[in-house]
Amino acid sequence: MLANAPYEALMGDTSAWHGLARNAVWRNVARLPTRVVHTPVEQADHEARLVADLRLTASRYPGDHALRRLIAELAANSPRFTELWDAQAPPPADPSKHKVVDHPAVGRITLDCDTLVVALDDLRITVYTAEPGTEDADRLALAVVLGTQTLVGQDHRHQAG
């Protein structure tokens, strides 16, 4: 996973993520902390689609040792992964969806989340945008300006009024 500065401003500093923690399937199946807000149903659907995508990728690259190692680690450490790996793949998802991010300084931001796929390279680029002129657009812009800095006393959940 590679992330640009606006992504890090929105989702948090990823520089401390190493090894498997940098993998989206691992992060989601292991339920590592995230700023993305999902209902339990949304989270289950998201996990199922990530694992189905990984299964499809593994079928295209059966000789990829790093990919086989990732799958073995996931299977050894997550019964949920094994359950999803053995399940029927869910129908393809709409590549455009909404995502809610709970940013510690600016509050909840509802965003459009579009995943662009470069099929021949198995590259996925996720783009987060907000409807121009909305409070969400203002919150997103502020989150990007703030970057990954921590502002003392600026956690929106602890402010009055």
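**Entry 1**

I started with Asp45, which forms a salt bridge with Arg49, the closest N and O atoms being 3.0 Å apart. For my notes, a salt bridge is a side-chain nitrogen of Lys or Arg within 4 Å of a carboxyl oxygen of Asp or Glu. Asp45 and Arg49 are separated by about one helical turn, because they sit 4 residues apart in helix 3 (residues 40–60). Helices (H or I, at least four residues) and strands (E, at least two) are DSSP runs, numbered from the N terminus.

A reminder to myself: this is a predicted model, where local features need pLDDT of at least 70, side-chain atom pairs count only at pLDDT 80 or more, and totals for chains, interfaces and linings use all residues. Residues are numbered from 1 along each chain as its sequence is written, and side-chain values use heavy atoms, with hydrogens and water left out.

I then looked up how open the two partners are. Asp45 has a relative accessible area of 34%, so it is partly exposed. Arg49 is partly exposed too, at 24%. The cut-offs are under 20% relative accessible area for buried, over 50% for exposed, and partly exposed in between (1.4 Å probe, protein chains only).

How many salt bridges does the structure hold? I noted 7. In one of them, the side chains of Asp53 and Arg124 meet at 2.8 Å, N to O. That pair links distant parts of the chain, since Asp53 is in helix 3 and Arg124 in strand 4, 71 residues apart. Asp53 is partly exposed at 27%, and Arg124 is partly exposed at 35%.

Next came Glu135 and Arg139, whose side chains meet in a salt bridge of 3.0 Å, N to O. Both lie in helix 6 (residues 135–146), 4 residues apart, about one turn of the helix. Is Glu135 buried or exposed? Glu135 counts as exposed because its relative accessibility is 55%. Arg139, at 26%, counts as partly exposed. I also found a network: salt bridges that share partners join Arg31, Glu47, Arg80 and Glu83.

**Entry 1: rings**

I counted 2 aromatic pairs. In one of them, the rings of Tyr7 and Tyr128 have their centres 6.3 Å apart and their planes at 40°, so I wrote "tilted". Tyr7 lies in helix 1 and Tyr128 in strand 4, so the pair ties together parts that are 121 residues apart in sequence. The rule: rings of Phe, Tyr and Trp (its six-membered ring) pair if their centres lie within 6.5 Å; planes under 30 degrees apart count as stacked, over 60 as edge-to-face and the rest as tilted. Tyr7 is partly exposed at 21%, while Tyr128 counts as buried at 18%.

**Entry 2: Thr14**

I found Thr14 in the loop between helix 1 (5–11) and helix 2 (24–29). Why does Thr14 count as buried? Thr14 is buried because its relative accessible area is 1%. Not counting residues up to four places away in sequence, Thr14 touches Met1, Ala3, Tyr7, Glu8 and Arg22; contact means heavy atoms within 4.5 Å.

**Entry 3: charges over rings**

Arg27 lies over the face of Trp17, at 3.5 Å from the ring centre. Arg55 lies over the face of Trp85, at 5.9 Å from the ring centre. A charge sits over a ring if NZ of Lys or CZ of Arg is within 6 Å of the ring centre and within 35 degrees of the ring normal.
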